[in-house]
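Have the viewer ready and follow the points in order.

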Amino acid sequence: MSDDQASLARSQTYAVHGGEARRKPADAITDPIFCCSSFTFGSTQEVIDFVEERSVREEYARYGNPTERTAEAKLAALEGGEDAVLFASGMAAVTGFLLAKLRAGDEVVLFDECYHHIREFCVTHLERLGIGCRLVRMGDYAALEAALTPRTRLLISETPTNPYLSVLDLERWVALARKHGVETLLDATLATPFNIQPLAWGVDYVMHSATKYLAGHNDLLAGVVIGSRDKLKDVRTFRGVLGAVNSPHNAYLLVRGLKTFPLRMAQHNRNGQAVAEFLAGHPKVARVRYPGLPSDPGYTLAQATLRGGGGVVAVEVKGDWAAAARLVDAVTIPRIGPSLGGAESLIEQPRVLSFWKTPPEKRAALRIPDNMVRLALGIEDSADLIADLAQALERV
Ligand SMILES: *Cc1c(COP(=O)(O)O)cnc(C)c1O
């Protein structure tokens with residue numbers, strides 16, 4: 001996972017300039033926030049030119065807004081994709097995508113380690129609509145192949161997974177999908193386009209919760225699906241029906257955040273690596289999951305597919321859930337809370353925050369250890385984060 005300076009420079013240039021017009025309204029250097037629900041026409045002829053697709057312009061903000069288009073173009077540039085469709089949140093992106101693409105009788109196959117609301121949407125809500133969902137244990141490619149049927153339309157995965165940080169064998173997963181003529185949707189929220197370029201590996205659609213590293217400041221929700229223009233046409237049209245669009249204010253903040261995205265992501269990678277190495281050597285720690293650690297089961301795959309391990313580290317403290325809670329309560333820099341990818345570090349115990357009411361058998365099936373703490377490192381100095389964790393571990 002060496003820092004590839006050439007592509008770092010390239011993506012930083014893309015991050016600043018990508019997707020933006022050189023001349024903007026009023027010759028402003030930034031793109032304005034178009035607070036606008038409706039776009040007007042000068043004459044009936046202009047309406048006819050628009051409906052006959054001779055002119056490209058906006059009509060109504062559920063179908064598109066110039067601020068949103070700038071965010072979409074920038075996201076597409078960073079990902080190396082033709083088109084990006086922006087949604088109100090990551091969940092709106094994935095649910096909107098699935099509802100646009102699937103019909104009753106179809107099936108999807110997803111790995112069990114994934115964002116819990118994506119799993120819930122597939123298992124509960126797609127099933128309710130007559131769309132089959134098969135869950136396969138993360139990393140079991142034989143079981144994945146065995147789960148495919150003539151009705152399978154889509155494979156869904158994450159890399160690295162949240163919160164376990166397991167790494168997908170991207171080459172194998174894409175090859176399996178190709179062999180069986182099904183499409184692939186990769187949730188690359190934790191890796192981001194800085195650490196992985198899934199479209200170059202042959203993935204059909206990349207999805208991000210842009211709420212996280214892409215926006216990067218813990219101040220908005222956004223989601224995006226990126227891929228070829230042709231394949232995303234029905235997704236864009238369906239979004240106009242569904243109405244799960246983002247606001248021009250959020251789109252502006254997202255564009256602003258994206259300008260520093262590669263700089264921030266390099267720091268998240270540095271913090272993740274440094275903190276994971278520190279924790280792995282600590283006597284009060286039972287286990288650390290981080291794809292950049294040579295001891296991690298995902299290390300070899302991470303070396304092949306990821307430029308960095310990202311800012312999320314899963315640590316299992318020696319002891320029970322209360323010992324892990326003592327770590328959470330003793331740190332002074334990370335705040336206790338969900339989410340990841342912002343400037344500020346966050347810490348949480350999945351057992352408490354996401355699975356407090358989940359019965360023990362179900363927690364065991366989901367492989368959520370009681371003593372696991374998830375650190376979502378921000379862009380503070382590594383040395384400060386390590387010193388803080390060191391003093392907190394003394395009190396575990
Ligand atoms: C947060 C997250 C989502 C959901 O995104 P929202 O913007 O919160 O709706 C999906 N996948 C992963 C991996 C996430 O971390």
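**Notes on the loops, the ligand site and the salt bridges**

1. Let us start with a loop. Asparagine 218 sits in the loop that runs between strand S6 (205–209) and strand S7 (223–227). Its phi is near 50°, which is a positive value in a residue other than glycine. Please keep in mind as you look that this is a predicted model.

2. The peptide bond leading from threonine 159 to proline 160 is cis, and its omega is near -20°.

3. The peptide bond from asparagine 162 to proline 163 is cis, with omega near 10°.

4. Asparagine 162 also brings us to the ligand. An N or O atom in the side chain of asparagine 162 is 3.3 Å from an oxygen atom of the ligand. In the side chain of aspartate 187, an N or O atom is 2.7 Å from a nitrogen atom of the ligand. Lysine 212 has a polar side-chain atom 2.8 Å from a ligand oxygen. How much of the ligand's accessible area does the protein cover? On its own the ligand has 380 Å² of accessible area, and the protein covers 93% of this.

5. Now for the surroundings of the ligand. There are 14 residues around it, and those that come nearest are Met91, Asp187, Ser209, Thr211 and Lys212. Sorted by class, the shell holds five nonpolar, six polar and three charged residues.

6. Last come the charged pairs. Side chains of opposite charge can pair when their charged atoms come close. The count of salt bridges in this model is 25. One of them to look up is between arginine 239 and glutamate 72, where the closest N and O atoms are 3.1 Å apart. Arginine 239 belongs to helix H9 (residues 229–242) and glutamate 72 to helix H3 (residues 66–79), so this pair ties together parts that are 167 residues apart in sequence.

Key: Residues numbered from 1 in each chain as written. Predicted model: local features only at pLDDT ≥ 70, side-chain atom pairs only at ≥ 80, totals over all residues. Heavy atoms only, no water. Near = heavy atom within 4 Å. Polar contact = N/O pair within 3.5 Å; in protein donor to acceptor, adjacent residues only side chain to side chain. Areas by Shrake-Rupley, 256 points an atom, 1.4 Å probe, with all protein chains shown as cover. Nonpolar A, V, L, I, M, F, W, Y, C, P; charged D, E, K, R; others polar. Salt bridge = Lys/Arg side-chain N within 4 Å of Asp/Glu carboxyl O. Helix = DSSP H or I, 4+ residues; strand = E, 2+ residues; numbered from the N terminus.
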